[in-house]
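Hi everyone, thanks for making time today. Let me put the structure up, and then we can walk through it together.

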Amino acid sequence: MPVKSGAASYWNSLASSYAALGSPLRPAREDIRFMEAAVAGWAAWHSRAPRAVLIGVTPDIAQMAWPAQTSLTAVDSSLTMVSALWPRNGSHCKRRLVVADWRALPLGRGACDIVIGDGSINCLPYPDGFRSLAAEISGVLGAEGLLVLRCYIQPELQEQPDQVLAELFTERIPSFHHFKFRLLMALQPSAHTGIAVNDAYEFWASSAVDEARLAARPGWEQAAIEMIRLYRGTDTVHTFPTRAELRAVLDESFDEVSVSIPSYCLGERCPTILFRPRQGLRAG
């Protein structure tokens with residue numbers, strides 16, 4: 001995806017702080033196991049190693065158990081993210097990096113078998129960005145290809161920001177990562193507008209929460225709490241559609257095959273969905 005100047009510093013800072021991220025803002029082992037099983041199932045059915053494309057440079061996916069001889073191409077437009085996160089060693093698949101916009105993949109039609117991503121689509125505007133990415137992926141996937149997306153989904157009954165803040169010191173929010181995730185969704189006016197991360201920072205700053213008291217709670221690392229400062233002054237926007245809104249766009253290009261709802265806290269908002277290209281759209 002393209003990185004605007006106002007967003008570049010956010011992604012640069014996130015790259016250097018990625019190790020402090022936790023579930024649900026990065027895939028858990030449960031998510032990775034489902035992805036591994038989906039890819040292994042494809043490889044077994046087709047009796048060959050897949051040609052895979054990773055939308056982004058999520059290291060948890062890059063280093064997962066790919067079938068032997070898999071060809072994995074990661075695509076991202078942020079050189080900083082690529083430099084900081086892309087693993088150099090420890091894989092039995094053939095890996096390469098391409099710096100490009102996700103909506104203009106430098107691949108031929110039908111050039112890959114699997115496209116996979118973690119929260120990638122949520123970095124794009126809804127619905128046009130979602131639709132552009134879906135069309136691009138549909139073009140590069142082979143007729144029997146597989147799209148594997150872990151998505152961030154807004155609940156049908158949206159929370160209010162004050163409701164999330166009121167639960168901050170309760171057991172209903174087990175970490176600052178969970179709090180920040182819920183806050184972003186609660187602050188979003190609609191999927192069409194998304195939520196600028198600076199709005200989340202300003203809400204947090206105005207709440208005057210005692211961060212020292214918060215950091216004293218088990219599992220609430222100071223480094224994770226301080227990550228919200230990466231949001232300050234940036235125009236980066238994240239987009240959280242409901243499940244119905246997501247389907248309304250992706251169903252134009254794909255058929256949904258199966259869904260994994262992880263068991264961890266807020267897992268219902270982080271499904272991993274398997275799609276196949278709609279065959280009727282590939283004629284010609």
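Leu 124 lies in the loop between strand 4 (112–118) and helix 5 (128–140). Its C-alpha atom is 9.7 Å from that of Phe 240, although 116 residues separate the two along the chain.

Some housekeeping before we go on. This is a predicted model, in which local features need pLDDT of at least 70 and side-chain atom pairs count only at pLDDT 80 or more, while totals for chains, interfaces and linings use all residues. Residues are numbered from 1 along each chain as its sequence is written, and side-chain values use heavy atoms, with hydrogens and water left out.

How confident is the predictor? The chain averages a pLDDT of 90, and 90% of the residues score at least 70; pLDDT is the predictor's confidence in each residue, from 0 to 100. Over residues 1–6 the pLDDT is below 50, though this stretch has 17 contacts in the model beyond near neighbours in sequence. A contact here means heavy atoms within 4.5 Å. Where pLDDT is low, the predicted coordinates should not be read in detail.

Now the overall picture. The chain has eleven helices and nine strands; these are DSSP runs numbered from the N terminus, with helices (H or I) of at least four residues and strands (E) of at least two. Of its 284 residues, 55% count as buried. Among contacts with a separation of 6 or more, 74% are between residues 24 or more positions apart.

So what sits inside? The largest nonpolar core has 33 residues, and Phe 176, Phe 179, Phe 181, Trp 204 and Leu 214 are those with the most contacts inside it. By nonpolar core I mean a set of buried Ala, Val, Leu, Ile, Met, Phe, Trp, Tyr and Cys residues joined through side-chain atoms within 4.5 Å. Helix 7 (176–187) and helix 8 (197–207) are the elements that give two or more residues to this core, and helix 7 provides the largest share, eight residues. Apart from this core lies another, of 30 residues, including Leu 105 and Cys 123.

Let's look at helix 8 for a moment. Its buried residues are Val 197, Asn 198, Ala 200, Tyr 201, Phe 203 and Trp 204. The cover over them includes helix 7 and helix 9 (211–215). Just after helix 8, Ala 208 takes a positive phi of about 55°.

Finally, the aromatics. The whole structure contains eight aromatic pairs. One is Tyr 126 with Phe 130: the ring centres are 5.2 Å apart and the planes are at 85°, so this pair is edge-to-face. For a pair, ring centres of Phe, Tyr or Trp (its six-membered ring) lie within 6.5 Å, and planes under 30 degrees apart are stacked, over 60 edge-to-face and the rest tilted. Both Tyr 126 and Phe 130 are buried.

Leaving aside neighbours within four places in sequence, Phe 179 is in contact with residues including Val 164, Trp 204 and Trp 220.

Notes: Buried < 20%, exposed > 50% of the residue type's maximum accessible area, 1.4 Å probe, protein only.
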